[in-house]
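This text walks through a structure part by part. Please keep the sequence and the model at hand while reading.

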Number of protein chains: 2
Amino acid sequence: MGLVVQKYGGSSVADAEGIKRVARRIVDAKKAGHEVVVVVSAMGDTTDELIELAEKVSPLPAGREFDMLLTAGERISMALLAMAIKSLGHEAQSFTGSQAGVITDSVHNKARIIDVTPGRIRTALDEGNIAIVAGFQGVSQTSKDITTLGRGGSDTTAVALAAALKAEVCEIYTDVDGVFTADPRVVKKARKIDWIAYEDMLELASSGSKVLLDRCVEYARRYNIPIHVRSSFSGLPGTIVSNDNPNQPEGGEMEQAIISGVAHDTSEAKVTVVGVPDKPGEAARIFRAIADAEINIDMVVQNVSAASTGLTDISFTLPKTEGQKAIDALDRVREGIGYESLRYDDAIGKISLVGAGMRSNPGVTATFFEALSAAGVNIELISTSEIRISVVTRAEDVNAAVQAVHSAFGLDSETDEAVVYGGTGR
Amino acid sequence: MGLVVQKYGGSSVADAEGIKRVARRIVDAKKAGHEVVVVVSAMGDTTDELIELAEKVSPLPAGREFDMLLTAGERISMALLAMAIKSLGHEAQSFTGSQAGVITDSVHNKARIIDVTPGRIRTALDEGNIAIVAGFQGVSQTSKDITTLGRGGSDTTAVALAAALKAEVCEIYTDVDGVFTADPRVVKKARKIDWIAYEDMLELASSGSKVLLDRCVEYARRYNIPIHVRSSFSGLPGTIVSNDNPNQPEGGEMEQAIISGVAHDTSEAKVTVVGVPDKPGEAARIFRAIADAEINIDMVVQNVSAASTGLTDISFTLPKTEGQKAIDALDRVREGIGYESLRYDDAIGKISLVGAGMRSNPGVTATFFEALSAAGVNIELISTSEIRISVVTRAEDVNAAVQAVHSAFGLDSETDEAVVYGGTGR
């Protein structure tokens with residue numbers, strides 16, 4: 001029995017009852033003979049309440065102080081969780097990110113982990129304790145100031161600690177039963193995935209699946225830490241994310257599924273730069289302007305130019321929340337680039353089909369487009385990677401498109417699985 | 001213009017409006033040319049809410065984790081206060097007790113400060129910042145765990161930082177205008193005291209005055225740091241606690257007032273050990289039993305024994321909350337000591353008259369008892385120090401007793417001062 005890192009999200013520790021339930025689950029793992037390290041998020045809506053308070057006292061909350069504020073949330077949940085475990089008769093100690101040795105860069109509100117030195121955690125475990133660690137936070141290597149890791153930060157804390165402590169598995173407890181072949185709120189017959197490879201999970205995560213964020217999956221892949229995504233409510237086995245399918249028989253006769261799942265995302269908008277002179281360097285100037293405004297973009301598509309005009313259109317997608325900033329940035333360089341006009345459209349949706357098996361199955365792309373066509377869904381943009389096909393459609397067509405593709409690839413389960421599927425936030 | 005330490009209690013920063021009001025006050029001090037260090041408590045009822053949560057998850061919250069939990073409260077208030085100051089265009093940085101160099105022993109929930117190493121605070125000030133420090137908390141020298149300082153902890157943090165940084169004054173902002181000659185809720189004509197010596201303030205604090213705790217006054221006296229107790233709401237000058245009256249003319253013609261004030265306390269109970277054999281060592285055995293149970297007692301009175309029986313009665317007062325524990329402790333040693341019975345009475349009150357001037361004024365004691373007699377108040381116990389007389393009466397007589405004594409010593413102001421007088425908690 002080795003070391004296990006367990007991570008519990010805010011919805012799992014939303015109130016005293018939740019904390020006590022999680023404490024029992026942790027003690028079960030300890031009783032089973034594991035060394036247990038627990039990473040915990042802030043309780044329920046604590047973080048939102050703190051953000052609201054910050055907005056009341058300051059129009060633009062500053063980075064360093066904002067991080068100091070937000071980290072109070074995990075401080076509360078981790079101390080309560082340690083107390084709850086102690087009242088079950090087991091030893092537990094809680095540690096802030098700084099005490100746990102989570103060393104980051106100095107970028108407040110979205111710091112990156114640059115080292116993990118879990119000496120105090122190791123000592124606590126050696127003394128027989130369950131170690132409880134605040135997720136989402138660390139300490140800057142240079143300034144010694146408290147930092148937060150941004151979205152998905154607690155999952156990343158858990159995976160980083162699992163890597164530093166050489167854990168046998170990192171269990172991410174959430175309010176759903178695992179990773180599904182599609183969002184069960186949209187596709188009633190979505191199936192829970194028992195195992196998925198890191199790279200498929202990465203594509204699903206970056207295509208709109210919210211159970212795990214790509215950042216944490218990337219970290220796990222780099223250090224080869226298996227992630228087990230499971231429900232803190234049901235206790236059932238969830239989804240294993242790893243390099244090798246643990247259910248695969250010796251010899252590897254069982255092939256990997258062609259398709260892992262269908263993801264969708266309606267949080268993006270589409271910008272089209274119309275009438276761009278089709279000559280070298282124009283696209284670069286557009287995306288330099290976007291990059292200078294610190295906007296992350298997703299899909300980029302450029303059509304062949306009309307021979308008659310020598311002009312082309314360049315489209316890209318980006319988070320709706322960044323839309324105005326992108327338009328402003330492009331307006332400022334309009335003279336220099338000499339494009340004709342800008343179009344902004346935030347009524348779009350993106351559907352992505354992910355699966356490493358599609359590499360060797362040339363029919364996948366055809367089946368995908370046939371399914372969309374049969375469902376009467378019009379395609380506005382197409383973008384592919386080696387193991388993913390994504391299309392942009394009207395937002396109102398997204399649900400029908402996801403259902404059609406899910407059925408077309410034989411992903412539907414025999415029965416409707418009744419699950420609640422929610423984002424985990426951080 | 002030197003360095004000023006300002007401390008704001010929970011009622012001063014109870015909500016976003018309070019935090020913004022306090023931020024403006026802090027910026028005023030900075031604009032006036034001071035270096036400013038601010039110590040802040042948790043917002044309003046935050047601490048009580050955290051304690052309530054802890055009680056829900058654990059019947060006996062443990063020391064280390066309880067401290068980790070409670071320190072989240074100051075983390076929130078200090079970060080919000082720093083943000084509010086920044087939004088007024090001034091630089092501010094917040095620091096936990098640990099970051100500020102508040103080093104304590106390892107006694108969780110009531111740690112004592114053993115050193116203050118404010119290197120980071122000094123650097124922040126040198127860089128032009130206002131430094132905001134979490135009150136009530138520190139870090140254990142040996143275990144590196146987070147500790148809390150117990151009751152009055154934020155005031156003590158402020159005074160300790162003022163001493164370590166060689167501040168010219170430590171301003172304690174609260175919800176009252178200063179220290180009064182009596183509790184204004186009881187005595188309408190109570191007067192604000194402009195200046196009071198450390199030792200008189202110590203006696204008032206240990207006699208029931210709740211504005212400052214004796215612990216913080218002791219610290220200030222040891223390092224000769226003047227304390228200025230004042231209202232965060234009115235901004236008026238409050239009460240200076242120091243060695244020398246700053247209003248005293250050169251040469252010292254102005255004499256110190258004979259009496260500083262009248263304090264009262266109805267939070268104590270009285271235990272009487274009846275029929276104790278009057279021989280050496282009996283009292284010691286009683287108080288060893290009490291000390292072993294870690295109970296702090298206040299007044300102790302023993303009457304001369306009746307010659308006929310050779311038995312005496314020993315009475316002492318202690319916090320009501322410790323009553324049951326004391327009775328249990330004494331029950332266990334009854335056989336050994338051979339006393340007759342125990343009496344427990346929690347319907348008592350204590351009235352104390354404090355003033356260094358009473359040393360040289362022999363009439364003070366007489367006037368004190370005459371005033372009580374005229375008010376029809378019966379005296380049950382008497383205890384005196386060089387600058388204090390305390391009596392125990394029935395609890396229901398306390399208000400009349402305080403008013404009578406206040407008038408008898410000419411402390412009544414000409415007008416009723418309208419103030420709200422509340423405890424500051426921590």
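In this predicted model, strand β3 (residues 92-95) of chain B pairs with β6(B) in the parallel sense, over four bridges. B:F95 stands opposite B:V133 in β6(B). Strand β2 (residues 35-40) of chain B is also joined to β6(B) by four bridges, and these two strands run parallel. Here B:V39 has B:V133 as its bridge partner in β6(B). Strands of a sheet pair through backbone hydrogen bonds, either parallel or antiparallel.

Is strand β6 of chain B mostly covered or open? Strand β6 (residues 130-134) of chain B is mostly covered, with five of its five residues buried. In a regular strand the side chains alternate between the two faces of the sheet. From β6(B), B:I130, B:I132 and B:A134 point one way, while B:A131 and B:V133 point the other way, and all are buried.

Chain B also holds an open sheet of four strands, in the order β5-β4-β7-β8, with mixed pairing. Because β5 (113-116) and β8 (146-148) of chain B stand at the edges and each has a single partner strand, one side of each is left without a neighbour in the sheet. On average, neighbouring strands of this sheet are turned by 45° against each other, direction ignored. Within the sheet, strand β4 (residues 102-104) of chain B and strand β7 (residues 137-140) of chain B run parallel and are joined by two bridges. B:I103 has B:V139 as its bridge partner in β7(B). Helix α3 (residues 63-86) of chain B packs on the sheet and touches β7 and β8 of chain B; the direction of the helix makes about 75° with that of β8(B).

The largest nonpolar core has 75 residues, of which A:L81, B:L80 and B:L81 touch the most other members. Leaving aside residues up to four places away in sequence, A:L81 touches A:I19, A:V22, A:A23, A:I26, A:V38, A:V40 and A:I132.

How do the two chains relate to each other? Chain A is superposed on chain B by a rotation of 180° with 0.1 Å of shift along its axis, at an RMSD of 0.1 Å. The two copies are therefore related as by a two-fold rotation axis. The same surface serves both copies, since 100% of the contact residues of chain A recur in chain B. Among the residues of chain A, A:A72 comes closest to the rotation axis, with its C-alpha at 2.4 Å.

Charged pairs come last. Side chains of opposite charge can pair when their charged atoms come close. Over all chains, the count comes to 38 salt bridges. In one of them, the side chains of A:R394 and A:E380 meet at 2.6 Å, N to O. This pair links distant parts of the chain, 14 residues apart: A:R394 lies in strand β20 (residues 388-394) of chain A, and A:E380 in the loop between α11 (363-374) and β19 (381-385) of chain A. A:R394 counts as partly exposed at 24% relative accessibility, and A:E380 is partly exposed at 26%.

In chain B, the side chains of B:R394 and B:D345 meet in a salt bridge of 2.4 Å, N to O. B:R394 in strand β20 (residues 388-394) and B:D345 in strand β17 (residues 341-345) of chain B are 49 residues apart. B:R394 is partly exposed, with a relative accessible area of 23%, whereas B:D345 is buried, with 18%. Elsewhere, salt bridges that share partners join A:R64, A:E65, A:D145 and B:R120 into one network.

Terms used:
Residues are numbered from 1 along each chain as its sequence is written. Chains are lettered from A and ligands numbered from 1 in the order in which they are written. This is a predicted model: local features need pLDDT of at least 70, side-chain atom pairs count only at pLDDT 80 or more; totals for chains, interfaces and linings use all residues. Side-chain values use heavy atoms; hydrogens and water are left out. Copies are superposed by least squares on the C-alpha atoms of residues with pLDDT of at least 70 in both. Contact means heavy atoms within 4.5 Å. A nonpolar core is a set of buried Ala, Val, Leu, Ile, Met, Phe, Trp, Tyr and Cys residues joined through side-chain atoms within 4.5 Å. Buried means under 20% relative accessible area, exposed over 50%, partly exposed in between (1.4 Å probe, protein chains only). Two strands pair if DSSP finds at least two bridges between them. Axes are lines fitted to C-alpha atoms, for helices over the stretch in contact, and angles run from 0 to 180 degrees between N-to-C directions. A salt bridge is a side-chain nitrogen of Lys or Arg within 4 Å of a carboxyl oxygen of Asp or Glu.
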